[in-house]
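Visitor: I have a structure to look at and a few quick questions. Can we go through it together?

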Amino acid sequence: MTKIKLYELVGLDERYMSPFCWRAKMALAHKKLDFEIVPIKFTEKHKLKFSDQEQVPVIVDGEQVVADSWSIACYLEDTYSDAASLFTSEDQRRLLRVFNHWFDEIITLKLFPLVLPDNFDVVYPEDMDYYIESRRQWTGKTREELTQDRSEDDFIAWRASLAPLREQLNGFDYFGGISPNFQDYIVFSTFMWARAVSPWPIIKPGDIIHDWRERMLGLYDGLAGKTTGYHY
Ligand SMILES: N[C@@H](CCC(=O)N[C@@H](CS)C(=O)NCC(=O)O)C(=O)O
């Protein structure tokens with residue numbers, strides 16, 4: 001069987017900085033599927049033309065091309081139904097779809113301008129012009145303005161907003177209970193983006209979420225923990 005290809009965004013020093021790619025990668029590992037990473041820089045998105053869109057992650061599994069992390073999780077779940085499940089039931093899949101949106105649009109979006117200023121340091125020089133302009137259009141601010149605007153208080157507020165997740169983890173090793181499921185990968189992906197690009201600790205030791213993140217870093221023979229990132 002040929003390996004599944006995962007097209008994944010990469011920065012300097014092999015920093016895998018796309019949260020959505022982390023979701024796809026952890027889902028592939030969860031199902032114990034054989035895969036290889038095809039690293040993509042921001043200025044190499046023409047290499048994704050075959051997928052009829054311009055974003056990573058994309059997987060190629062034989063003849064099948066699937067883009068978008070949620071679609072990839074569903075594809076893997078349905079295609080490799082004999083392998084460990086990413087969802088505990090169809091009801092949970094529906095609920096996690098909502099969770100997925102909430103986590104992206106509320107939790108990760110709030111963190112975005114706080115971590116973004118550091119992301120510039122790990123972008124390839126050839127990607128920099130595109131990165132500066134696209135992020136200025138996106139946020140309406142320059143890197144300098146974003147840097148000036150953030151403070152530890154913003155991080156404290158962000159950490160506090162994770163209270164419902166702490167509640168869910170209480171007494172469990174993973175959001176999935178005794179073992180991880182796709183909810184764990186959704187949450188973890190944001191932590192992996194931050195870890196790859198910013199020295200600012202978004203979570204601190206002593207927090208139940210920090211303990212969980214440590215467990216996640218060790219999963220699948222340290223798949224995530226072995227990658228380049230800041231340690232906190
Ligand atoms: N909803 C999509 C979002 C994918 C996405 O936003 N990918 C980003 C990387 S994190 C991307 O390809 N960005 C290209 C760019 O910024 O030019 C998913 O879940 O996969």
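This is a predicted model: local features need pLDDT of at least 70, side-chain atom pairs count only at pLDDT 80 or more; totals for chains, interfaces and linings use all residues.

Visitor: Fine. Which residues of H9 are exposed?

Guide: Glu-214, Asp-221 and Gly-222 are exposed in H9.

Visitor: And which ones are buried in H9?

Guide: Trp-212, Arg-213 and Met-216 are buried there. Seen down the axis of H9, the buried residues fall within an arc of 105°, so they line one face of the helix. The exposed residues are on the other side of H9.

Visitor: What covers the buried residues of H9?

Guide: The cover includes helix H7 (163–169) and helix H8 (182–197).

Visitor: How many residues does H9 have, and how far does it reach?

Guide: H9 covers residues 208–222, which is 15 residues. From first C-alpha to last, H9 reaches 20 Å, close to the 21 Å expected at 1.5 Å a residue.

Visitor: Changing topic. What residues are around the ligand?

Guide: Among them are Leu-9, Ser-18, Phe-42, Gln-55, Asp-68, Trp-70 and Ser-134. Helix H1 (19–30) and helix H2 (69–79) are the elements that give two or more residues to this shell.

Visitor: What about the shell by class?

Guide: The shell has seven nonpolar residues, four polar ones and one charged one.

Visitor: You listed Ser-18. Where is the place of Ser-18?

Guide: Ser-18 is in the loop between strand S2 (15–16) and H1.

Visitor: Is Ser-18 buried or exposed?

Guide: Ser-18 has 24 other C-beta atoms within 10 Å. Buried takes 20 or more, so Ser-18 is buried.

Visitor: What does Ser-18 touch?

Guide: Leaving out residues up to four places away in sequence, Ser-18 touches Glu-8, Leu-9, Val-56, Pro-57 and Trp-193. Ser-18 and Ala-196 are 178 residues apart in sequence, but their C-alpha atoms are 9.0 Å apart in space.

Visitor: Last topic, domains. How is the chain divided?

Guide: The chain is divided into domain 1 (4–79) and domain 2 (90–222). Their C-alpha centres lie 19 Å apart. The contact takes 18 residues from domain 1 and 22 residues from domain 2.

Visitor: Which elements supply the domain 1 side?

Guide: S2, H1 and H2 each supply at least two residues of the side that touches domain 2. The largest share, seven residues, comes from H1. By class, that side of domain 1 has twelve nonpolar, three polar and three charged residues.

Methods
Residues are numbered from 1 along each chain as its sequence is written. A residue is near a molecule or strand if its C-beta atom, placed from the backbone, lies within 6 Å of it. Helices (H or I, at least four residues) and strands (E, at least two) are DSSP runs, numbered from the N terminus. Ala, Val, Leu, Ile, Met, Phe, Trp, Tyr, Cys and Pro count as nonpolar, Asp, Glu, Lys and Arg as charged, and the others, Gly among them, as polar. A residue is buried if 20 or more other C-beta atoms lie within 10 Å of its own, exposed if 12 or fewer, and partly exposed in between; C-beta atoms are placed from the backbone. Two residues are in contact if their C-beta atoms, placed from the backbone, lie within 7 Å. Domain bounds come from an automatic or database domain assignment. The expected span of a helix is 1.5 Å times one less than its number of residues. The arc is that of the directions from the helix axis to the C-beta atoms.
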